[in-house]
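Subject: Structure handover

Hello,

My notes come after it.

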Amino acid sequence: MTIAKGAPPPPRTTPVALARGFLTGGVIGASPAAFVVGCVIESVPLCVVGVGLPVVYGLLFFLAGMPRRAREAAIPPRTALARIEGLAAVGGEATSDVAVEFDVTVTPDDIPAYRVEFTQHINLVDLSDYRPGGVVVVEYPPDRLWRVRIVKRPTPEWEERAAGARIDSVPGPAVVSEPTQGCAVGCVTLLALLLAAAAVILLFRADLFDRDTTARPSPSGRPSVSSTSSTTIVSSASGTVTLGPGQSFLDKGELRRAVGSLAKGEDTARALTVVVQERLLSVVFAPTGTQAARFDPHSVPYERFPALVEEARSTLGVRSPETWQITVDGLTGSLSIRVGVTGRDGAASLEADGQGKVVRRTPAG
């Protein structure tokens with residue numbers, strides 16, 4: 001809607017408008033980014049966040065605006081006479097009501113007359129009552145002069161005033177638009193959108209890049225490794241090695257090197273368990289002097305682990321396997337290697353002896 005009343009008002013750029021624009025841009029950027037990243041890394045919670053974030057934000061935005069809307073509704077509208085300068089149907093011909101764009105001169109009792117354009121639906125039967133030069137009764141909020149509406153059934157007093165009124169036109173056309181929020185809000189919104197999308201991608205960059213490097217083998221047929229970083233923590237009771245993104249303990253020689261960095265010196269031949277995951281190795285050592293069944297971690301056939309994991313992933317009925325874990329112990333008196341895989345269809349496992357030969361299989365139930 002537009003008003004012809006002096007110069008155009010300057011754009012409204014308030015701190016509240018900037019904050020609202022920043023939050024809106026953040027939600028617009030983070031929501032699709034979270035959904036796409038969640039689909040790529042197969043994270044259901046992240047996908048739910050991507051879908052639910054705009055819903056929650058919209059609900060909060062609606063609730064936060066309720067006090068303002070209540071205050072605006074509590075202000076009674078002003079009534080005035082208006083002269084129809086022009087009108088044109090802009091849609092709705094297929095229904096009983098048609099959208100009509102009015103150009104009118106409004107003559108309030110307490111402020112100077114002004115010219116405004118607005119659109120209102122009018123019944124086809126009543127359309128002939130509105131013609132250029134005619135006088136109608138209108139209502140508008142006192143703080144939003146551009147929101148003019150024609151009163152279709154005015155009170156007898158206003159109907160009598162309209163019947164005998166003569167209103168001079170305010171020079172047009174209506175050129176003053178409803179106050180906007182300025183380009184600063186748009187810039188802040190765009191900046192927040194970009195920052196939010198980038199933040200989501202950076203937050204999950206390890207999972208995204210690791211997925212890319214493990215999904216595509218290198219031309220030489222060996223696993224592609226994008227980093228050689230690792231973290232080693234050793235104590236008298238245990239030791240762990242954590243690999244960096246893009247690495248795997250199924251890479252050739254990686255496990256034996258990691259075990260060598262943990263089980264050396266006095267720790268040799270006193271391991272209770274060895275647990276291996278994609279990028280995590282844990283070795284638990286028996287306390288000095290204990291009689292618990294233990295073994296030398298150097299004697300484990302680590303070269304057989306990639307084949308065992310592949311067999312567990314492909315032959316035990318787990319479609320789309322997601323995680324795997326290998327557990328080595330000597331609790332039964334002889335070395336036992338158990339490989340477990342989990343996926344959308346459940347879990348399955350197989351067991352191998354100290355030479356890496358499969359002796360038992362437990363398919364997915």
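Below is what was found, from the whole chain down to single residues.

This is a predicted model: local features need pLDDT of at least 70, side-chain atom pairs count only at pLDDT 80 or more, and totals for chains, interfaces and linings use all residues. Residues are numbered from 1 along each chain as its sequence is written, and side-chain values use heavy atoms, with hydrogens and water left out.

Overall

The chain holds eight helices and 15 strands. Both are DSSP runs, numbered from the N terminus (helices: H or I, at least four residues; strands: E, at least two). Of the 365 residues, 34% are buried. Buried means under 20% relative accessible area, exposed means over 50%, and partly exposed is in between (1.4 Å probe, protein chains only). The accessible surface is about 20700 Å², and carbon and sulfur atoms hold 60% of that. Areas come from the Shrake-Rupley method with a 1.4 Å probe; for residues, only the protein chains shown count as cover. Take contacts between residues at least 6 apart in sequence: 59% of them join residues at least 24 apart. A contact means heavy atoms within 4.5 Å.

The sheet

Eight strands form an open sheet with antiparallel pairing, in the order E8-E9-E11-E10-E12-E13-E14-E15. Two strands pair if DSSP finds at least two bridges between them. The edges are E8 (230-234) and E15 (358-362); each has a single partner strand, so one side of each is left without a neighbour in the sheet. Neighbouring strands are turned by 10° against each other on average, direction ignored. Axes are lines fitted to C-alpha atoms, for helices over the stretch in contact; angles run from 0 to 180 degrees between N-to-C directions.

Inside the sheet, E10 (271-276) and E12 (321-329) pair over four bridges, in the antiparallel sense. Val 276 has Ile 326 in E12 as its bridge partner. Helix H8 (305-315) packs on the sheet and touches E10, E12, E13 (336-343), E14 (346-352) and E15. The direction of H8 makes about 40° with that of E13.

Positive phi

Most residues other than glycine have a negative phi. Glu 42 has a positive phi of about 60°. Glu 42 sits in the loop between H1 (15-41) and H2 (44-64) and is partly exposed at 40%. Ser 320 also has a positive phi, near 50°. Ser 320 lies in the loop between H8 and E12, partly exposed at 46%.

Salt bridges

There are ten salt bridges. Each is a side-chain nitrogen of Lys or Arg within 4 Å of a carboxyl oxygen of Asp or Glu. Among them:

- Asp 109 with Arg 161, closest N and O atoms 3.6 Å apart. Asp 109 is in the loop between E3 (97-107) and E4 (114-123) and Arg 161 is in H4 (156-163), so the pair ties together parts 52 residues apart in sequence. Asp 109 is exposed at 61%; Arg 161 is partly exposed at 34%.
- Asp 143 with Arg 144, 3.1 Å from N to O. Asp 143 is partly exposed at 42%, whereas Arg 144 is buried at 12%.
- Glu 351 with Arg 360, closest N and O atoms 2.7 Å apart. Arg 360 is partly exposed at 48%.

Nonpolar patch

Val 56, Leu 59, Leu 60, Phe 62, Leu 63 and Met 66 make a nonpolar surface patch of about 580 Å². H2 gives the most, with five residues. Val 56, in H2, is partly exposed at 48%. Patch residues have over 30% relative accessible area and no salt bridge; like charges are joined within 9 Å, nonpolar side chains (Val, Leu, Ile, Met, Phe, Trp, Tyr) within 5 Å.

Best regards
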